[in-house]
Amino acid sequence: MGATGERPPPGGLSINADMGESIGIHRFGNDERLLEFVDTINVAGGMHAGDPSSIASIVHDAVEAGVTVGAHPGLPDITGFGRREMVITADEARDLIRYQVGAVAAFVTAEGDRLHHIKPHGALFGMMARQPELMHALCDVAGDFDVPIFGLAGTLHESVAVERGVPFVAEYYVDLDYQEDGTVTVNRWGVTRDLDEVEARARRALEHGTTTSVTGRDIAVRVDSFCVHSDLPNAVEVAARVRAVVG
C-alpha cells in the first residue's frame, strides 16, 4: 500500500481510488491523504476532469508513494462530471478512451513507471455494462496498452473482457448502491457514508461474496479490488476502514 511503498502482489486484493479529478486551480477530492491507504489509483484524463498539471502532480505523488497508476477515462462533460449519459458510437468511445489513456500513460512513463490498468468513469462505466459495442471499444484500447480492465463482475465488463482475452479485475464499491443485475447507481455527487456500514459491507463482500441490492435482495459479487471514491466527504475515513478489512 501507499504507506509502505510496497505494491500489491499480482492478482492480490487491493484498494483503488479515483484521483486527479481537478481542474486548473480548483482541487477536488482527498488525493494526498488517500494515497496512504490505497494500492492503485485511477487518474482522470481530462474529459470529465483533470488537466495536464493535475495529472502530472498526482502521478508523481503516486509513483513516489509506490502506488500504481491506471487511467480513468470519462465522457466529455466537465459540467456534469462525466456522470450524465451521452449517446456515442463505438468509434467515438474508442477515440475518447485512447486519447485520455494516452495522456495519463505519458505522464506515468515520464515518472519512469508503466500504466497499470484502465477503469472507465461514471456514466461511461455504466454504459459499458449495458452496451457491448462500447465495451469492445474499451478492450481495443486495453489491448493496445497491454493492461487489464477494472469493472463489475457478472456484467458485460467481465464477459466482453474475457471474450477478448483482456485481463479483468473485479471491483466492489463500498460507497455505491447495487441494483439486482449487479450494476451500481452512479451518484451525481459524493455523499457521506456510515463507517460501520462500510466496514460491514466490505467484510461481507470479501468473506461471503454477497451484497444487498436496493430492493433488499442478496446478490453475488466478487472482490479483486475495493473502490473508494475520493469525492466522498469522509473518503479518508472510509478508506481507512476498508484498509482494516484488507490488511
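How many cavities of 30 Å³ or more does the structure hold? The structure holds one, where a cavity is, on a 1 Å grid over the protein atoms alone, a set of points where a 1.4 Å probe fits but cannot get out. Before setting out, note that this is a predicted model, in which local features need pLDDT of at least 70 and side-chain atom pairs count only at pLDDT 80 or more, while totals for chains, interfaces and linings use all residues. Residues are numbered from 1 along each chain as its sequence is written, and side-chain values use heavy atoms, with hydrogens and water left out.

The largest cavity has a volume of about 190 Å³, a volume being the space filled by probe spheres set on grid points that are joined across faces, edges and corners. Select Arg83, Leu176, Val186, Asn187 and His229, which are the closest to the centre of this cavity among the 20 residues that line it; lining residues have an atom within 4 Å of a point. The lining divides into nine nonpolar, six polar and five charged residues, where Ala, Val, Leu, Ile, Met, Phe, Trp, Tyr, Cys and Pro count as nonpolar, Asp, Glu, Lys and Arg as charged, and the others, Gly among them, as polar.

**The nonpolar core**

Next, select Ile41, Val69, Val174 and Val242, which touch the most other members of the largest nonpolar core, a set of 72 residues. Such a core consists of buried Ala, Val, Leu, Ile, Met, Phe, Trp, Tyr and Cys residues joined through side-chain atoms within 4.5 Å, and buried means under 20% relative accessible area, with exposed over 50% and partly exposed in between, using a 1.4 Å probe and protein chains only. In soluble globular proteins, nonpolar side chains tend to be buried together.

Stay on Val69 and show its contacts, that is, residues with heavy atoms within 4.5 Å. Leaving aside neighbours within four places in sequence, the residues in contact with Val69 include Ile41, Val43, Val59, Val104 and Leu115, and also Arg114, His116 and His117.

From Val174, move to Ala202, which touches Val174, Phe226 and Val245 when residues up to four places away in sequence are not counted. Ala202 lies in helix 7, residues 195–208; helices (H or I, at least four residues) and strands (E, at least two) are DSSP runs, numbered from the N terminus. Ala202 counts as buried because its relative accessibility is 1%. The C-alpha atoms of Ala202 and Arg222, 20 residues apart along the chain, are separated by 11 Å.

Glu158 lies in helix 6, residues 156–164, and at 17% relative accessibility it counts as buried. Besides Arg222, Glu158 touches Leu152, Ala153 and Phe168, not counting residues up to four places away in sequence.

Now select Asp218, which is found in strand 7, residues 218–220. Its side chain makes a polar contact of 2.7 Å with the side chain of Arg204, and another, of 3.4 Å, joins Asp218 to the side chain of Thr212. Thr211 is also in contact with Asp218.

**Stops in the loops**

Which loop holds Phe81? Phe81 lies in the loop between strand 3 (68–72) and helix 3 (90–110), where its phi is near 55°, a positive value in a residue other than glycine. Asp146, in the loop between helix 5 (132–145) and strand 4 (149–151), also has a positive phi of about 55° although it is not a glycine. Phe81 is buried, with a relative accessible area of 18%, whereas Asp146 is exposed, at 58%.

Go on to Ile23, in the loop between strand 1 (14–19) and helix 1 (31–34), which is partly exposed because its relative accessible area is 30%. Beyond its neighbours within four places in sequence, Ile23 is in contact with Phe28, Ala49, Gly50, Asp51 and Ile78.

End at Asn234, in the loop between strand 8 (225–229) and helix 8 (235–246). Asn234 counts as buried, at 11% relative accessibility, and its contacts, leaving aside neighbours within four places in sequence, are Val191, Thr192, Arg193 and Leu195.

Conventions. 1 Å grid on protein atoms, 1.4 Å probe; cavity = no way out; pocket = protein on both sides within 12 Å on 5 of 7 lines; lining within 4 Å. Polar contact = N/O pair within 3.5 Å; in protein donor to acceptor, adjacent residues only side chain to side chain.
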